[in-house]
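Hi,

Could you take a look at this one when you have a moment? I've put it just below, and my notes come after it.

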Amino acid sequence: MFVDKATIFIKSGKGGNGSVSFRREPYIPQGGPDGGNGGKGGDIVIQADRNLRTLMDFRYKRKYEAESGEDGRGRQQFGKDGADLVIKVPVGTVVRDTESNAVMADLTEDGQSFVAAKGGRGGKGNVMFKNSVRQAPNFAEAGGFARERQIELELKLIADVGLVGYPNVGKSTLLSVSTSANPKIANYHFTTITPNLGVVSMYDSSFVMADIPGLIEGASEGAGLGLDFLKHIERTRILIHVVDVSGSEGRDPKEDLDKINAELAGYSEKLAKKPQIICANKIDMADDEVYEEFKAYAESKGYSVYPCSAPIHEGVDELLRAAYKLLLETEAEEQEETVFFQDTKPEDDPDYRNVYVERKKGGFLVTGKQLEKIFNSTNFNDAGSLRYLYRYIEESGAIEEMLQMGLEEGDTITVIDYDFEYYDE
Ligand SMILES: Nc1nc2c(ncn2[C@@H]2O[C@H](COP(=O)(O)OP(=O)(O)OP(=O)(O)O)[C@@H](O)[C@H]2O)c(=O)[nH]1
Ligand SMILES: [Mg+2]
């Protein structure tokens, strides 16, 4: 099965906490601070790789987490950085942030990559906070938060020329004789169920051609296999419309042309407007009169018609040269307007500074994002550090709020997950 969409969950590494430590050596009773910095958390990197063809793997593994940074240690030992996690995706993958639906990246080239979730910064150890006034800093910085988000991967084929037409008209045969691609070819409908790409060499240049499953009436509304693949075709610059002019399945080639074009138009205006030339295939089996009538009809609608017999390579070179010429005349189409993703720092979150109070059994629970950061850098063995935490909570208005909610002496106040007993100072 061809998987062209997947939603995964990614999480970068948290930054390691800075360390609070003091030098201890014989005969030096009061050593200076020597707590090292925490390591940086690993990034989640997404990279395009031309060896991948589908998003299949993402159906089985949906969670991706980078390594956290190590905490700093005494003796000025820095914590190790967490390793980045590189997620490889096929070339042509568009990555969106599912929450905002904004595009984070459109990976169109082999090796192209971007950071989808940045690792948290390493916290500074207490050695970094020493200055002329503060000789013995008793605190260190907590490591930066990990970032987590859900992202959607969508694979869009990148081809210059798209082959469209009814099933069994010879699209795959045409691809197989024009390129080194080796698609399955057989005399029944929907032989092709996943798109195939091939490179057509032309003079000293080349272009990419995509063969998609056959379209049938109603494809633009989901009939057959067509719908899933019309969006790939939307990204091509021109179309080769393959029509079986032998009428080998009892259909009228003129009607085939109109019906498929109606489906393209039914899907989008963009598809309807895409420049198109016609491969009048199976000419070896066609009735001259039927072919002439078809040709006149198609030309009256403004299409150029190229008679072909794909398996014996007849007419194929003329068709490909015409396609190449049309490509040169067709400007690379402007991409639809995309909303690009703007990453934010945790500190920019409007909720970052809010402190929340809720009642719980025997007391109150106090939470908040900035509070959590300060909490993580609190040294619970140090009065100064604890006072700083308390003052932050007081200044946020949380104590006042709890008093109004009925806070009394002796009640437990749980900050994040640490219990204090409340006494009016
Ligand atoms: N006589 C003749 N047979 C052809 C020609 N082109 C293709 N065929 C045959 O038509 C059948 C279908 O060819 P495919 O290339 O698989 O057709 P398709 O359009 O890719 O079909 P789907 O993948 O099912 O949509 C095969 O048996 C081919 O050998 C042609 O020009 N002349
Ligand atoms: Mg096919």
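Here is what I found, starting with how to read the notes.

It's a predicted model, so to speak of local features I needed pLDDT of at least 70, and side-chain atom pairs count only at pLDDT 80 or more, while totals for chains, interfaces and linings use all residues. Residues are numbered from 1 along each chain as its sequence is written, and chains are lettered from A and ligands numbered from 1 in the order in which they are written.

First, the ligand. There are 23 residues around ligand 1, and Gly170, Ser172, Thr173, Thr192 and Gly214 come nearest. "Around" here means that the C-beta atom, placed from the backbone, lies within 6 Å of the molecule. The shell divides into nine nonpolar, eleven polar and three charged residues; Ala, Val, Leu, Ile, Met, Phe, Trp, Tyr, Cys and Pro count as nonpolar, Asp, Glu, Lys and Arg as charged, and the others, Gly among them, as polar. Helix 2 (residues 171–178) gives the most to this shell, with three residues. Helices (H or I, at least four residues) and strands (E, at least two) are DSSP runs, numbered from the N terminus.

The 14 residues of helix 7 should span 20 Å at 1.5 Å a residue, and its end C-alpha atoms are 20 Å apart, which agrees; the expected span is 1.5 Å times one less than the number of residues. Its buried residues are Val316, Leu319, Leu320 and Ala323. Seen down the axis, they fall within an arc of 95°, so they line one face of helix 7 (the arc is that of the directions from the helix axis to the C-beta atoms). The face turned away from that side carries the exposed residues Glu318, Leu328 and Glu329. Buried means 20 or more other C-beta atoms within 10 Å of a residue's own, exposed 12 or fewer, and partly exposed in between, with C-beta atoms placed from the backbone. Among what covers the buried residues of helix 7 are helix 2, strand 10 and strand 12 (238–244), contact being C-beta atoms, placed from the backbone, within 7 Å.

Strand 10 (residues 196–202) also pairs with strand 11 (residues 205–211), antiparallel over seven bridges; pairing takes at least two DSSP bridges. Leu197 stands opposite Ala210 in strand 11. The hairpin has two residues between the strands, and Tyr203 takes a positive phi near 50° there. Tyr203 counts as exposed because it has 7 C-beta neighbours inside 10 Å.

Arg75 is also worth a look: it is not a glycine, but has a positive phi of about 55°. Arg75 sits in the loop between strand 3 (63–65) and strand 4 (85–90), and its 12 C-beta neighbours inside 10 Å make it exposed.

On to another hairpin. Strand 15 (residues 355–360) and strand 16 (residues 363–368) pair in the antiparallel sense over six bridges, with Glu358 bridged to Leu365 in strand 16. Two residues lie between these strands, and Gly362 in the turn has a positive phi of about 75°. Strand 16 also pairs with strand 17 (residues 412–415), this time in the parallel sense over four bridges, with Val415 as the partner of Val366.

Last, Asn376 lies in helix 8 (residues 369–376) and touches Asn17 and Ala142, leaving aside residues up to four places away in sequence. Asn376 counts as partly exposed, with 17 C-beta neighbours inside 10 Å.

Cheers

Technical notes:
Contact = placed C-beta atoms within 7 Å.
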